[in-house]
Amino acid sequence: LYAIQLRQWIAAFRDHFGPDNFLDHLLILESESMRMDKQANYDKVLDFISLPPYKLPDIKVRNVRHYNPMANETKKYLRDLYWPHSRRLHKLLAPHGKLISWEKEA
C-alpha cells in the first residue's frame, strides 16, 4: 500500500521545497530493482546524497528460500486485491515522471 505512505511524504516535501523541485529531495526506488542490481541502486543512493562512489565488496544473495509455485487462484486473488492500490501508486507517481516497473499491470 505504498501510495498511502508516499502521498504523505510527497505532500510534506512539496510543502517544504515547493511544487517544482521537491523530487530533487526525495529518492524513490523499487525493491525489485534492488534485488536485480544492488550496486546500481547503491550508486543511485550515494549520488543522491552526494557521497563518492563505493564498490560493494560482497553482493551475495543470502537468506533465500525456495517455494512451490503459487496456485493460479491465489495469484488472481492477490492481483485483484492489490490492483487498485497499484493503480493509485501509478497515478501518484506518473505525473512526476516516476514510473513503476509493474505499471503496465496497474
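These are my notebook entries on a predicted model.

**Entry 1: helices α1 and α4**

I began with the pair α1, residues 2-17, and α4, residues 72-93. Their axes come within 8 Å. The crossing angle is roughly 25°. Angles under 35 degrees count as roughly parallel, so α1 is roughly parallel to α4. I then looked up the handedness: α1 passes α4 in a left-handed crossing.

Which residues make the contact? On the α1 side I listed Tyr-2, Ala-3, Leu-6, Arg-7 and Ile-10. On the α4 side I listed His-85, Arg-88, Leu-89, Leu-92 and Leu-93. I sorted the residues of this contact by type and got 7 nonpolar, 1 polar and 2 charged.

**Entry 2: the salt bridge**

How many salt bridges does the structure hold? I found 1. The partners are Asp-80 and Lys-76. Their closest N and O atoms are 2.6 Å apart. Side chains of opposite charge can pair when their charged atoms come close. The cut-off for a salt bridge is 4 Å between the side-chain nitrogen and the carboxyl oxygen, so the 2.6 Å of Asp-80 and Lys-76 qualifies.

I checked where the pair sits. Both residues, Asp-80 and Lys-76, lie in helix α4. They are 4 residues apart, about one turn of the helix. Are they buried, partly exposed or exposed? Asp-80 has a relative accessible area of 45% and is partly exposed. Lys-76 is partly exposed too, at 49%.

Ser-50 is not a glycine, yet its phi is positive, about 60°. Most residues other than glycine have a negative phi. I noted the accessibility of Ser-50 as well: 64%, which counts as exposed.

His-66 lies in this loop too, between α3 (38-48) and α4. Its relative accessibility is 75%. Exposed means over 50%, so His-66 counts as exposed. I also took a distance from His-66 to Asp-24. The two are 42 residues apart in sequence. Their C-alpha atoms are 39 Å apart in space.

**Entry 3: helix α3**

In helix α3 I picked out Asn-41. Is Asn-41 buried or exposed? The relative accessible area of Asn-41 is 2%. The limit for buried is under 20%, so Asn-41 is buried. I listed what Asn-41 touches, leaving out residues up to four places away in sequence. The partners are Leu-29, Ser-33 and Met-34.

Ala-40 is also found in helix α3. At 29% relative accessibility, Ala-40 counts as partly exposed. I looked up the spacing of Ala-40 and Lys-55, which are 15 residues apart in sequence. Their C-alpha atoms are 9.8 Å apart.

**Entry 4: after α4**

I ended at Lys-98, in the segment after α4. Lys-98 is partly exposed, with a relative accessible area of 29%. What does Lys-98 touch, not counting residues up to four places away in sequence? I found Leu-23 and Leu-93. Leu-93 is also one of the α4 residues in the contact with α1.

Technical notes
Residues are numbered from 1 along each chain as its sequence is written. This is a predicted model: local features need pLDDT of at least 70, side-chain atom pairs count only at pLDDT 80 or more; totals for chains, interfaces and linings use all residues. Side-chain values use heavy atoms; hydrogens and water are left out. Axes are lines fitted to C-alpha atoms, for helices over the stretch in contact, and angles run from 0 to 180 degrees between N-to-C directions. Helices (H or I, at least four residues) and strands (E, at least two) are DSSP runs, numbered from the N terminus. Angles under 35 degrees count as roughly parallel, over 145 as roughly antiparallel, 65 to 115 as roughly perpendicular and the rest as oblique. A crossing is left-handed if the near helix is turned anticlockwise from the far one by less than a right angle, and right-handed if clockwise. Contact means heavy atoms within 4.5 Å. Ala, Val, Leu, Ile, Met, Phe, Trp, Tyr, Cys and Pro count as nonpolar, Asp, Glu, Lys and Arg as charged, and the others, Gly among them, as polar. Buried means under 20% relative accessible area, exposed over 50%, partly exposed in between (1.4 Å probe, protein chains only).
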